[in-house]
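Here is a short note for a colleague who is meeting this structure for the first time. Please read the points alongside the sequence and the 3D view.

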Amino acid sequence: MAAPAPAPQTPTRAGEGGGGAPEKHGAGAEARRAVKALLFLAAVALPCLVLYRAVAPGDFFARPPWPLAAPGNDGDLSDIAPVKCLHSNVQDEALAFNNGKWTRYSLCKSNVFAYWPRRHVQDSDDARLERTLRAAAMANDTVILTTLNSAWSEPGSVVDVFLESFRIGENTRALLDHLVIVSLDKAAQARCKRIHRHCFALVTDGVDFSGQKNFMTDGYLKMMWRRIDFLRQVLEKGFSFVFTDTDIVWFRNPLPHFYPDGDFQIACDRFNGNPDDLGNNPNGGFTYVRSNTETIEFYKFWYAAREKHPGLHDQDVLNFIKRDPFVVELGVRIKFLSTELFGGLCEPSRNMSRVCTMHANCCIGLSRKVSDLNAMLHDWRRFMALPHKDKQTVVWSVPQNCSLQKLER
């Protein structure tokens, strides 16, 4: 590109006294020279800038006005919300601490300039849940969910046995990548972050879920109904789920054993052999639910039915509503899972060569549960260590400490 011609020299007129000093018009000439110099620089710089951005569009960024810092000692970024650019995609992200709050900065660029939109991190539970589920979901948008409070999160307690079963099960270790632990109190959330990848803190105002909740106590009922409402939220977000109580040990992948034509599939305390018979005795501690309009409406109806049946837990209310005309008209397809594959202490699986899960149900008391869950792991290890021809000799050694009679009186 040809450069513009040099600015001509402005003539000066000698004063009558012959002193040679310029007149007052010299200031205007200097301004004109400055403007022409700027135009020259612009003429050279603008084509260069266009060429640079065409070759390296992602490298032209602004920098934050203060030093960056880490989000915390544990390096957890799960509570930092993403920020979207106004005019183009996010090119890079960084965190800064400003006015006592963590802020995520997204480096955005328009056609020429880069700038830093920001918002303070006061992330909603809904946004956190969406991100957590998305991070854990399988390719078909299915997640595995369990709930945890501080009583079951202590080292050596239920959650440790639960996670260990995935590690020693047959083709179950990879399923941990799709497991979300839903923490019901701060202590459980802190422990979850130390031992697992996907954790979600479910806060319920005015309710303390931290202590041990024995069957049918007021705290137990509130915790069960909070769970039902939460699972409805998961379905509304388009995620199917396998829900498992934490006092269930996993020995095989259950996904291949779910019915292809069932919307809502649930384990049983006792199974009568017919997966379509509504007379089966369901156990809400293990369910597989597909996300669709029918299941979402079913969970809404189930949760609302608690007001019609006060003092009952979710399983008892389910027994009331499973034949309700609304549920029949809704068309949700209900299936009951066999205890041969999904057993428990109420009715143990009799086939260790097929069993997928075992539940410490029909058992009151945390220490009893932990003891018998550990016994199940011992039985499984013994089964796996034997040659194939001898495996049929292994039977469950449980229940040992758990009492079945207390729930059968």
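1. Surface. The protein exposes about 21,200 Å², by the Shrake-Rupley method with a 1.4 Å probe. Carbon and sulfur atoms supply 54% of that area.

2. Basis. This is a predicted model: local features need pLDDT of at least 70, side-chain atom pairs count only at pLDDT 80 or more, and totals for chains, interfaces and linings use all residues. Numbering runs from 1 along each chain as its sequence is written, and side-chain values use heavy atoms, without hydrogens and water.

3. Overall make-up. The protein has 10 helices and 14 strands. These are DSSP runs, numbered from the N terminus (helices: H or I, at least four residues; strands: E, at least two).

4. Contacts. Take the contacts (heavy atoms within 4.5 Å) between residues at least 6 apart in sequence. Of these, 65% join residues at least 24 apart.

5. Helix α2. This helix covers residues 125–136. Its 12 residues should span 16 Å at 1.5 Å a residue, and the 17 Å between its end C-alpha atoms agrees. The expected span is 1.5 Å times one less than the number of residues. Arg128, Leu129, Thr132, Leu133 and Ala136 are its buried residues. They fall within an arc of 125° seen down the axis, so they line one face of α2. The arc is taken from the directions from the helix axis to the C-beta atoms.

6. Helix α1. Leu38 lies in this helix, residues 26–55. Leu38 is exposed, at 59% relative accessible area.

Methods
Buried < 20%, exposed > 50% of the residue type's maximum accessible area, 1.4 Å probe, protein only.
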